[in-house]
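Student: I have a protein model open on my screen and I would like to learn how to read it. Could you walk me through it?

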Amino acid sequence: MDRNVVKVLLAAWERPDFQAGLRHLIDLDEVTSLLAALAVDDHDDEVRRRTMELLRSALETAEIRGAVLLLIETDDIRHSLTAAISDNLADRPGLASSIRSALDDPDVRAEIRDALESQGMRTLVWKVAEDEFRGHRLTLVREATVLLLRHRPARRLVWALRRHGVIRELRRRPAAT
């Protein structure tokens with residue numbers, strides 16, 4: 001785990017509304033086990049699959065979605081999170097900057113909230129994530145297209161991200177090191 005992300009999560013954990021949202025998640029032994037497994041460089045696909053299932057089940061709970069949104073709605077936590085993103089995207093400063101700009105925009109955060117509240121959108125996002133996990137690139141493109149065509153929150157979110165240059169920067173190749 002990235003040290004900056006851990007700091008963000010610790011700061012969020014100190015907030016009662018974040019703790020309240022997470023108390024329904026799963027038992028802490030499971031979370032601890034997954035975090036320990038993810039901290040190892042050579043974690044296997046089973047660990048990633050278990051993590052995806054944990055995230056999927058978590059985001060189906062309104063309180064947990066609210067706690068996750070707290071990470072981007074609270075200024076100090078959002079700024080720490082964008083700093084962690086920037087550190088992890090050192091080879092793509094334009095992308096890091098566009099993500100920071102997008103997350104600082106209250107309209108983008110509202111679009112993220114709307115997207116997370118749409119059951120159909122959450123279902124399709126998980127299909128896209130599973131296809132990415134399995135390396136099914138063609139299916140990934142098809143599901144992403146369906147997501148954009150069928151779900152207004154997805155189109156609105158993409159448009160909001162486009163205004164901040166996130167889409168342009170995602171298309172750009174990373175700088176050679």
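Predicted model: local features only at pLDDT ≥ 70, side-chain atom pairs only at ≥ 80, totals over all residues.

Student: What share of the residues is buried?

Tutor: Of the 177 residues in the protein, 34% are buried. Among contacts between residues at least 6 apart in sequence, 65% join residues at least 24 apart.

Student: Now the helix pairs. What describes two packed helices?

Tutor: Two packed helices are described by the angle between their axes and the distance between the axes. Take helix α6, residues 75–88, and α7 as a case: their axes are 9 Å apart and the packing angle is about 165°. An angle over 145 degrees counts as roughly antiparallel, so α6 is roughly antiparallel to α7. The crossing of this pair is right-handed.

Student: Which residues of α6 and α7 make the contact?

Tutor: On the α6 side they are Arg78, His79, Thr82, Ile85 and Ser86, and on the α7 side Ala96, Ile99, Arg100, Leu103 and Asp104.

Student: At what angle do α7 and α8 cross?

Tutor: Helix α7 covers residues 93–104 and helix α8 covers residues 106–117; their axes come within 5 Å and cross at roughly 80°. That makes α7 roughly perpendicular to α8. Ala102, Leu103 and Asp104 of α7 meet Pro106, Val108, Arg109 and Ile112 of α8. This contact has five nonpolar residues, no polar ones and two charged ones.

Student: How are α5 and α8 arranged, parallel or antiparallel?

Tutor: Start with the numbers again: the axes of helix α5, residues 62–73, and α8 come within 11 Å and cross at roughly 165°. The two helices are therefore roughly antiparallel to each other, and their crossing is right-handed. The contact brings together Arg65, Leu69, Ile72 and Glu73 of α5 with Arg109, Ile112, Arg113, Leu116 and Glu117 of α8. Its residues divide into four nonpolar, no polar and five charged.

Student: Is Arg122 buried or exposed?

Tutor: Its relative accessible area is 7%. Buried means under 20%, so Arg122 is buried. A polar atom of the Arg122 side chain lies 2.5 Å from the backbone oxygen of Leu116. The side chains of Arg122 and Gln119 are joined by a polar contact of 2.6 Å. Leaving out residues up to four places away in sequence, Arg122 touches Leu59, Glu60, Arg65, Ala115, Leu116 and Glu117.

Student: And what does Leu124 touch?

Tutor: Leu124 lies in helix α9, residues 119–134, and it is buried, with a relative accessible area of 8%. Not counting residues up to four places away in sequence, Leu124 touches Glu143, Val146, Leu147 and His151. Leu124 and His151 are 27 residues apart along the chain, and their C-alpha atoms are separated by 9.3 Å.

Student: Where does His164 lie?

Tutor: His164 lies in the loop between α11 (152–163) and α12 (166–171). With 18% relative accessibility, His164 counts as buried. Its side chain makes a polar contact of 2.6 Å with the side chain of Ser101, and one of 2.7 Å with the side chain of Asp105. Beyond four places in sequence, His164 touches Ser98, Ser101, Ala102, Asp105 and Val108.

Definitions and conventions
Residues numbered from 1 in each chain as written. Heavy atoms only, no water. Axes fitted to C-alpha atoms, helices over the stretch in contact; angles between N-to-C directions. Helix = DSSP H or I, 4+ residues; strand = E, 2+ residues; numbered from the N terminus. Parallel < 35°, antiparallel > 145°, perpendicular 65-115°, else oblique. Contact = heavy atoms within 4.5 Å. Nonpolar A, V, L, I, M, F, W, Y, C, P; charged D, E, K, R; others polar. Buried < 20%, exposed > 50% of the residue type's maximum accessible area, 1.4 Å probe, protein only. Left-handed = near helix turned anticlockwise from the far one by under 90°. Polar contact = N/O pair within 3.5 Å; in protein donor to acceptor, adjacent residues only side chain to side chain.
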